[in-house]
2 protein chains.
Amino acid sequence: MPEPLSGDLPAYQEIADRLRARIVGGALGAGARLPSEQELRTLYGSSRETVRKALAILKAEGLVVSQHGRGVFVQRRGRVRRSAADRYVRSAWHAGISAGQADLGDRGPELRADMVRVETLEADAATAGRVDLPAGSRVVRRERRYLQGDRPLQLAVSFLPADIAGGTRAAEPDSGPGGSWARLEEAGWRFTVVREEVESRIPTFDEATLLHMSPGSPLLVVHRIATGERLGETRVLDYSAISLPAELHVLVYESAVR
Amino acid sequence: MPEPLSGDLPAYQEIADRLRARIVGGALGAGARLPSEQELRTLYGSSRETVRKALAILKAEGLVVSQHGRGVFVQRRGRVRRSAADRYVRSAWHAGISAGQADLGDRGPELRADMVRVETLEADAATAGRVDLPAGSRVVRRERRYLQGDRPLQLAVSFLPADIAGGTRAAEPDSGPGGSWARLEEAGWRFTVVREEVESRIPTFDEATLLHMSPGSPLLVVHRIATGERLGETRVLDYSAISLPAELHVLVYESAVR
DNA sequence: TGTCTAGACTTGTACGGACCACTTGGAGGG
DNA sequence: CCCTCCAAGTGGTCCGTACAAGTCTAGACA
């Protein structure tokens, strides 16, 4: 049963609109496979390029992802609220509650980390500047990916000054309950301020692959710099670059008016 | 002088990489016109589709925009830091300094607004919820576009409760020095907290047109809710939806660790 | 029973052509 | 001198084809 197009919009736009309606309307749920390009051609009476252009729009919106040789699949929807006010609460991470899990609340399966990699190396100039150290300083680099179920939610790369974190459990793959921040506070440091710089761009090929994103779908990037003090000394304790698929997240910040 | 491709990457990737190198390297400055699709075909010995796909990547990155009938042009680069901590300072807007201008510092031409539209109407359910009023409540809607030189920097739509802003200069197209917030404070209200919710997505057709963006280039959207009080009464004074071309902005927030 | 392979099906890349829509600048006419 | 119109050049849409590359399954085979 072919569905004729009206013609007042470009054909690829109309096809994208109709497919989008089937997805947001629930007719095509998360994980469902869209009709193949061939089927869409006969359904809408269009050429393959037109159909592919329609699919490219839905990919850029993050509604679907294609898998070479398999098909095009509907992505999970719904945004996770990542609230800075709820996140940077000392009592929570001392109680062993992960900040990421707190964001999710009780919706869906638990958050877990994989591809954890920890190493100690010399920081390049840009990274060293972020942690307020001279270039070449040794830092602990923690890299990992967080997933909820089988859907990657974020990539994170953290840098901690080696003279602070080195030798502690914060420099081990499993940093223990409450994460590396809890370990640093146990060592006498007290986190005071967190600055987050938010950007958005399209992902690199590697980022798109690791996060199961389409190449043209936007990515939120948070550069987070956490400062703390101990015995009157103020230091940058953590610089993290956090990459989030944009269609899955909303970042919440509160500021007092001064 | 054709430039042969190496072949270890898809042709469109290689072409995009080379054009990007010419842009970020400065050989093609802001405002410069790229070679036409026809010229790129002969330069790289590729088909039009391949060349167009390469250009699509640069468009999604926000490096270039195409203009129908004219060509493809290099966009202005460099990000504006929009810092919440510097922005929500009462003394600044009472001194008549616009928050947007403060972000820019002394770089480049001044910020100006155009396409200003102000009206009073009944809020739909979603908007009313943002300003914490029942659906159908009357609100003042302020819409405008900010530009630096001829480059649009943001779109903003604000909603103020009509029972608070109505009749004041905050409900007129020119809200005066310091903007509508200064007017509300003159009326006895005192802004206390600003909450910002940050999302990213690809723009609608209208947004892309107004902001001189490519359809696939990411947009940062800030939903800002400003709360204030007067005589012990706490109210949402302003809900604004602010749309920013992602490649031009970085949003900076600071949070105290509690 | 388990393993391998051939083929069908999927998306990815690349080529070709055609026509439309918009902009620009120059030729021509007033 | 100014205005109109047209031709050339540009990107936008749409069609066709072909082959490459990844996935899956049914059937052959050991």
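Biologist: Which residues come nearest to DNA strand D?

Modeller: A:Ala11, A:Ser47, A:Thr50, A:Gly69 and B:Ser36 come nearest, out of 19 residues around DNA strand D. A residue is near a strand if its C-beta atom, placed from the backbone, lies within 6 Å of it. Before we go on: this is a predicted model, where local features need pLDDT of at least 70 and side-chain atom pairs count only at pLDDT 80 or more, while totals for chains, interfaces and linings use all residues. Residues are numbered from 1 along each chain as its sequence is written, and chains are lettered from A and ligands numbered from 1 in the order in which they are written.

Biologist: Which elements give two or more residues to the surface near DNA strand D?

Modeller: From chain A, helix H1 (11-24) and helix H3 (48-60); from chain B, helix H2 (37-44) and strand S2 (71-74). Helices (H or I, at least four residues) and strands (E, at least two) are DSSP runs, numbered from the N terminus. H3(A) has the largest share, 3 residues.

Biologist: And what's around DNA strand C?

Modeller: Also 19 residues, with A:Ser36, B:Ala11, B:Ser47, B:Thr50 and B:Gly69 closest. There the largest share, 3 residues, comes from H3(B). By class, that surface has 4 nonpolar, 11 polar and 4 charged residues. Nonpolar means Ala, Val, Leu, Ile, Met, Phe, Trp, Tyr, Cys and Pro, charged means Asp, Glu, Lys and Arg, and the others, Gly among them, are polar.

Biologist: Back to H1(A) and H3(A): at what angle do they pack?

Modeller: About 50°, with their axes 8 Å apart. Axes are lines fitted to C-alpha atoms, for helices over the stretch in contact, and angles run from 0 to 180 degrees between N-to-C directions. So H1(A) is oblique to H3(A); under 35 degrees counts as roughly parallel, over 145 as roughly antiparallel, 65 to 115 as roughly perpendicular and the rest as oblique.

Biologist: Which residues make that contact?

Modeller: Among them are A:Ala11, A:Ile15 and A:Leu19 of H1(A) and A:Thr50, A:Ala54 and A:Leu58 of H3(A). Contact means C-beta atoms, placed from the backbone, within 7 Å.

Biologist: New topic. How many residues does each chain put into the contact between chains A and B?

Modeller: Chain B gives 33 and chain A gives 33. On the chain B side, S7(B) gives the most, with 11 residues.

Biologist: How do strand S7 (residues 190-201) of chain A and S10(B) pair, parallel or antiparallel?

Modeller: Antiparallel, over 6 bridges. Strands pair if DSSP finds at least two bridges between them. A:Glu197 stands opposite B:Val252 in S10(B).

Terms used: Contact = placed C-beta atoms within 7 Å.
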